[in-house]
Amino acid sequence: MIWSFIKIVIFVAVVAALTLGAGYLAETGSGIRITLANMEFTLGPVQAVIGVLLLVLLLWLALKIAGFLVAILRFLNGDETAVSRYFDRNRERKGYQALADGMMSVASGEGRLAMSQAARAEKFLGRPELTNLIAAQAAELTGDTRRAAEVYKRLLTDDRTRFVGVRGLMKQKLAEGDTETALKLAEKAYALKPKHEDVQDTLLQLQTAKGDWKGARQVLGTKLKQGLLPRDVHRRRDAVLALQEAKEVFSEDAPIEVREAAIEANRLSPDLIPAAVLAAQGYVQADKPKYATRVLKKAWDAQPHPDLAAAFAAIAPEESPSERLKRFGTLLSIHPDHEETRLLRAELLIAAEDFPAARRALGDLTETHPTARSLTIRAAIARGEGEDDAFVRGWLTRALTASRGPQWVCDKCHNIHSDWAPTCDNCGGFDTLSWREPPKSAVQMPNGSEMLPLIVGSPAKADVEPIDEPDGNGGEDGAEDALILDEEVGRKAQI
């Protein structure tokens, strides 16, 4: 638009300058005298200008005629394409000029001008592999997706432009939300050019969204071979995909395959908690509890996690609370001061009805890092030790508005997930979930949560010595009540 305006201004300026120059020459009255043989010619200023223009025109015609005569002589000497090349040369010049102008128009965002230049280039050049691409891009700039799709389909007929056509149609389907068709087109584009990085990323994203874990692992391997992915990142992501393969096999009730896939996922990334849990389940199904214990201890050493503790408990589900506490000693000794270890020890001691030891194991977590889980455990201990109901409810009140502790949080969009998944449900990020505590957010309650302890009781007696002989609230009934309290707060925490 601006360039067209500039050209018009330049043209008007040139015409005005020529007009002023001609007028100036006419007013001066001087002329040009030309002597040729015995003849003399006198030209006025305007006549001299016209004569010069005619001379330039005659010279241009002479050069054209000379070029044409040379082409005829070459044709007579056996060059059958000499004459056609002479006429095509001018057409090619105009065509490539239109092609260049079309590319500049696309780059500057002038869609309609680019479409007209593409049509002009096609008229002179007759090379659709060059002009169709500009036409498609120009149609997309103007929002004419239907015409762009038609042009991309024309590109499919030529081997040289088939990849461009497939990729263009793939991007259109992605924009339309047709992921099913986009996946098929991405697979076709990947088959044509497996080393194309953008196609690799698009195909990988579509495969993980659909659950094609095997195909995604193949694409991931290609990226590793090309050096587009660090080896440690590849091992981690390949483990994630192998884990999902194992889960799919597990859902089909094929224990042999699930064991192999789960063990492979755990081997690739021992710190991947879901992989360790699934591998342990596979070993338990194969009646190899020692291998399951070793896998879980190695994962616990990397990062203590409640799912690992649950899987460790599932190795011997029929054992008594005291036997379980003894068996868990090897796991609890790895990171004895870790918060997860202290919470787990307190829970095991509550199940064994050793409430004073449970309170000692919990320590000062309710003050240094109060979470819904630690406060719930503290309420269960208080109930097991025979404290008043108002005192127990005071701990539960704090648990309602306390932090939920570590959760599966997306590192990309910070969305919270209840369970681990290979992709984020919110942003679609692959392998972005990590076990950490999300940023605190204020929990608003009617009339202020600070008033609740005054109504239901306050846990101010946190240092009161336990009662040696609970009056009906301790023993087995106390343990059962503690578990009921734990489940009750767990339900409230999800509301």
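A polar contact is a pair of N or O atoms within 3.5 Å, where, within protein, one atom must be able to donate a hydrogen and the other to accept it, and where residues adjacent in sequence count only if both atoms are side-chain atoms. This is a predicted model, in which local features need pLDDT of at least 70 and side-chain atom pairs count only at pLDDT 80 or more, while totals for chains, interfaces and linings use all residues. Residues are numbered from 1 along each chain as its sequence is written, and side-chain values use heavy atoms, with hydrogens and water left out.

**View 1. Ser333 and its surroundings.**
The side chain of Ser333 reaches the backbone oxygen of Thr330 at 2.9 Å. Ser333 is placed in the loop between helix 17 (329-332) and helix 18 (339-351); helices (H or I, at least four residues) and strands (E, at least two) are DSSP runs, numbered from the N terminus. With a relative accessible area of 49%, Ser333 is partly exposed, on a scale where buried means under 20% relative accessible area, exposed over 50%, and partly exposed in between (1.4 Å probe, protein chains only). Between the C-alpha atoms of Ser333 and Asp301, which are 32 residues apart along the chain, the separation is 9.9 Å.

A nonpolar core is a set of buried Ala, Val, Leu, Ile, Met, Phe, Trp, Tyr and Cys residues joined through side-chain atoms within 4.5 Å. The largest such core has 76 residues, of which Leu243, Leu272, Leu296, Leu308, Phe328, Leu344 and Trp420 touch the most other members. Helix 13 (residues 273-285) supplies the largest share of this core, with 8 residues. A second, separate core holds 13 residues, among them Ala361, Leu362, Leu365 and Ile381. In helix 15 (residues 306-313), the residues Leu308, Ala309, Ala311, Phe312 and Ala313 are buried, and the buried residues of this helix pack against helix 13, helix 14 (289-302), helix 16 (321-327), helix 17 and helix 18. Leaving aside neighbours within four places in sequence, Leu308 is in contact with residues including Ile273, Val277, Leu296 and Trp300, where contact means heavy atoms within 4.5 Å.

Side chains of opposite charge can pair when their charged atoms come close. A salt bridge is a side-chain nitrogen of Lys or Arg within 4 Å of a carboxyl oxygen of Asp or Glu, and the structure holds 19 of them. One joins Arg167 to Asp198, with the closest N and O atoms 3.1 Å apart. Because Arg167 lies in helix 7 (residues 162-176) and Asp198 in helix 9, the pair ties together parts that are 31 residues apart in sequence. Both partners are partly exposed, Arg167 at 26% relative accessibility and Asp198 with a relative accessible area of 29%. A network of salt bridges links Arg167, Lys171 and Asp198. Helix 9 (residues 197-210) also contains Thr202, which counts as buried at 11% relative accessibility and which, leaving aside its neighbours within four places in sequence, is in contact with Met170 and Leu174.

**View 2. The salt bridge of Glu385 and Arg359.**
Glu385 forms a salt bridge with Arg359, the closest N and O atoms lying 3.9 Å apart. Glu385 lies in the loop between helix 21 (372-384) and helix 22 (389-401) and Arg359 in helix 19 (residues 355-362), so the pair ties together parts that are 26 residues apart in sequence. Glu385 is buried, with a relative accessible area of 3%, and Arg359 counts as buried at 17% relative accessibility.

An open sheet is formed by 3 strands in the order 4-3-5, with antiparallel pairing; two strands pair if DSSP finds at least two bridges between them. The edge strands, each pairing on one side only, are strand 4 (416-417) and strand 5 (433-436). Strand 3 (residues 407-410) pairs with strand 4 in the antiparallel sense over 2 bridges, and Trp408 stands opposite His417 in strand 4.

**View 3. Confidence along the chain.**
The mean pLDDT of the protein is 77, and 75% of its residues reach 70 or more, pLDDT being the predictor's confidence in each residue, from 0 to 100. Among the elements of the protein, helix 18 has the highest mean pLDDT (94) and helix 24 (residues 475-494) the lowest (42). Over residues 442-458 the pLDDT is below 50, and this stretch has 17 contacts in the model beyond near neighbours in sequence. Where pLDDT is low, the predicted coordinates should not be read in detail.
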